[in-house]
Amino acid sequence: MRISILSILLSVSALSCAQEAPKVKHVSKMKPATDLKNVKVANAEDPICKMKTADYLKDTVSYKGKLYGFCSDHCKKEFEKNPEKYAQNAK
């Protein structure tokens, strides 16, 4: 009886270790297709994190006819959640 229980436990353990690890989708660190250094935006600093957009412009979004610049995709997505709030505070 003990041997069969031990055999079952070992079999289950071996099968669980043999399962493939879940694949993680990594974010690509590719350069943007266009050079954003010469893009003119309505804000001098990122409205989310307050970094200077002239130095760290990585992404943009158009809102009410104005182009806003962001240091990262994270800040851009945060702006898109509530653009009215951040557009009012944009410098």
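In this predicted model, strand 1 (residues 59-63) and strand 2 (residues 66-70) run antiparallel and are joined by five bridges. The protein chain as a whole has four helices and two strands, arranged along the sequence in the pattern α-α-β-β-α-α.

**The hairpin**
- Strand 1 and strand 2 form a hairpin, with two residues between them.
- Lys-64, in the turn, has a positive phi of about 50°.
- Ser-62 stands opposite Leu-67, a residue of strand 2.

**The chain as a whole**
- Of the 91 residues of the protein chain, 22% count as buried.
- The accessible surface comes to about 7600 Å², and carbon and sulfur atoms account for 59% of that surface.
- Among contacts with a separation of 6 or more, 32% are between residues 24 or more positions apart.

**The surroundings of Asp-46**
- Asp-46 is found in the loop between helix 1 (2-18) and helix 2 (53-56).
- Asp-46 is buried but has no salt bridge, and the nearest side chain of opposite charge, that of Lys-50, is 7.3 Å away.
- A polar atom of the Asp-46 side chain lies 2.8 Å from the backbone nitrogen of Cys-71.
- The Asp-46 side chain also reaches the backbone nitrogen of Cys-49, at 3.5 Å.
- Leaving aside residues up to four places away in sequence, Asp-46 touches Met-51, Thr-53, Gly-69, Phe-70, Cys-71, Ser-72 and Cys-75.

How values were computed. Residues are numbered from 1 along each chain as its sequence is written. This is a predicted model: local features need pLDDT of at least 70, side-chain atom pairs count only at pLDDT 80 or more; totals for chains, interfaces and linings use all residues. Side-chain values use heavy atoms; hydrogens and water are left out. Buried means under 20% relative accessible area, exposed over 50%, partly exposed in between (1.4 Å probe, protein chains only). Contact means heavy atoms within 4.5 Å. Accessible areas come from the Shrake-Rupley method with a 1.4 Å probe; for residues, only the protein chains shown count as cover. Two strands pair if DSSP finds at least two bridges between them. Lys and Arg count as positive and Asp and Glu as negative; His and the chain ends are not counted. A salt bridge is a side-chain nitrogen of Lys or Arg within 4 Å of a carboxyl oxygen of Asp or Glu. A polar contact is a pair of N or O atoms within 3.5 Å; within protein, one must be able to donate a hydrogen and the other to accept it, and residues adjacent in sequence count only if both atoms are side-chain atoms.
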